[in-house]
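Have the sequence and the 3D view open as you read.

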Amino acid sequence: MQPLIESEIDERRWLWLQKVAPPERLEAAFRMLGNRRPYPKNLARAMGLEWPADDLLPRTQAQQEAARTAFE
């Protein structure tokens, strides 16, 4: 199952969820959503999780590459 990713913050939140929740718990969260859309925000709510501050979320691949090239 895949979440709905519509923005960079959705992508970063999904990366964070994958780090903090085991696959079985993510699968259960998808099932608990019922008719709701599987945005990372909805998945976190289904698991009773709260987001860390945005600056503590993992960076996307694009952000990592941009940071790498900025220092070259």
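The buried residues of α1 are covered by, among others, α2, α3 (40–47) and α4; helices here are DSSP runs of H or I with at least four residues, and strands are E runs of at least two, numbered from the N terminus. Keep in mind that this is a predicted model, where local features need pLDDT of at least 70, side-chain atom pairs count only at pLDDT 80 or more, and totals for chains, interfaces and linings use all residues. Residues are numbered from 1 along each chain as its sequence is written, and side-chain values use heavy atoms, leaving out hydrogens and water.

Which residues of α1 are buried? They are Asp10, Arg12, Arg13, Trp14, Trp16 and Leu17. Buried means under 20% relative accessible area, exposed over 50%, and partly exposed in between (1.4 Å probe, protein chains only).

Now for the rings. The structure has two aromatic pairs. In one of them, the ring centres of Trp14 and Phe30 are 6.2 Å apart and the planes sit at 75 degrees, so the pair is edge-to-face. Rings of Phe, Tyr and Trp (its six-membered ring) pair if their centres lie within 6.5 Å; planes under 30 degrees apart are stacked, over 60 edge-to-face, and the rest tilted. Trp14 is in helix α1 (residues 8–20) and Phe30 in helix α2 (residues 23–32), so the pair ties together parts 16 residues apart in sequence.

| Residue | Relative accessibility |
|---|---|
| Trp14 | 10%, buried |
| Phe30 | 11%, buried |

Over in helix α4 (residues 61–70) you'll find Gln63. Its side chain makes a polar contact with the side chain of Glu8 at 2.7 Å. A polar contact is a pair of N or O atoms within 3.5 Å; within protein, one must be able to donate a hydrogen and the other to accept it, and residues adjacent in sequence count only if both atoms are side-chain atoms.

Key:
Contact = heavy atoms within 4.5 Å.
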